[in-house]
Each structure stands twice: as C-alpha cells, then as structure tokens.
Amino acid sequence: MLLWGCFGVPAPSPPPPLFGLDSPPQLLACCLNAACVGLLDAGLPLSSLFCGVTCALDAHGDIVLDPTARQEQAMAEVHIIGQLLGASGFSQRRLFCKWGLHAGGAWKLLGGLREGQTQVDDPQADDMAHWCHPLDVHFATKGLQ
C-alpha cells in the first residue's frame, strides 16, 4: 500500500510518494512517527502533533496493538481514519492537497475513497492553510504478501 500526497497549486503529476507500505504493516506507523519527529527537528511550525500506531481487531472484537505476523494473517483488514489538517511554509498562499492510497492487487476497498483532493485555502491571517479534510478508508484482503 502506498500513500502519496502533494501540496500546492498546481499539483504535479504524478504525485511524489511520501512512503510505501509493502511489509510489514508497522512500517506505516513508523513512517508517520518519523515524519512528525523530522518536521519538529527541522523547526517547521505545526498546529498539532500526529503519530501512528498499528492495531487490529481480533475475532472477539478486542484491540491488538502492534500485532504479530500470525495475528495479522488472521486479521487481514486495515482501517485508516484521520484527517489532513493543513500545511504551512510554502511560497504560495493558496494551497490544497491532492492525495491517494494505492494498495496491492490483493487488497479490496470496502469503504471510503482511494483518492481525493481538499478544498483550496487562502489564509489571510497567517501562512497556515487549513483543510481539516477527513480520511476514512477500509481495506480487506484474503492474504498478506
């Protein structure tokens, strides 16, 4: 699975990859956490912090944090729930984000959108473009690669 995104007007094509998710699934959480720490270390102004964690539901409906490979095979679904808050530090003021989720052929989209675009924000008070664009996607697979 690959999450991509690009910021600014006009959007480049094809969009640059932010990070890939082939295996293991914990890589997504690791990349999100590394991105947050990298942005903080670079001194970029963030309106809030973000983090990632890998979790799954077992057959009993219990949440399993950082599941093992065996647990993942029994729970081959992923839910991505969150939002694209905004961006700052770009030379242009009018910003939007064109985003997408790319999954391997074994993954089936059960709910939500594979790609989309936020509205354009033209901040007047500061350089922070605010989108608060919701993400709610549900994928399932019969086997893991």
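I began with contacts, counted where heavy atoms lie within 4.5 Å. Of the contacts in the protein with a separation of 6 or more, 61% are made by residues 24 or more positions apart.

I noted the basis of the entries: this is a predicted model, in which local features need pLDDT of at least 70, side-chain atom pairs count only at pLDDT 80 or more, and totals for chains, interfaces and linings use all residues. Residues are numbered from 1 along each chain as its sequence is written, and side-chain values use heavy atoms, with hydrogens and water left out.

I looked up the secondary structure next, with helices (H or I, at least four residues) and strands (E, at least two) taken as DSSP runs numbered from the N terminus. I found two helices and nine strands, which follow the pattern β-β-α-β-β-α-β-β-β-β-β along the sequence.

Buried means under 20% relative accessible area, exposed over 50%, and partly exposed in between (1.4 Å probe, protein chains only). By that criterion, 29% of the 145 residues are buried.

Cys 97 belongs to strand β6 (residues 97–102) and counts as buried because its relative accessible area is 2%. Its C-alpha lies 8.3 Å from that of Leu 84, 13 residues away in sequence. Cys 36 is also buried, at 6% relative accessibility. I found zero disulfides in the structure, a disulfide being a pair of cysteine sulfur atoms within 2.5 Å.

Ser 88 was my next entry. I located Ser 88 in the loop between β5 (77–87) and β6, and it is buried, with a relative accessible area of 18%. Leaving aside residues up to four places away in sequence, Ser 88 touches Pro 45, Asp 127 and Met 128.

Which order do the strands of the open three-stranded sheet take? I read β5-β9-β7, with antiparallel pairing; two strands pair if DSSP finds at least two bridges between them. β5 and β7 (107–111) each have a single partner strand, so one side of each has no neighbour in the sheet. Neighbouring strands of this sheet are turned by 35° against each other on average, direction ignored; the axes are lines fitted to C-alpha atoms, for helices over the stretch in contact, and angles run from 0 to 180 degrees between N-to-C directions.

Finally, I checked the pairing of β5 with strand β9 (residues 129–141): 10 bridges join the two, which run antiparallel. Gly 86 stands opposite His 130 in β9.
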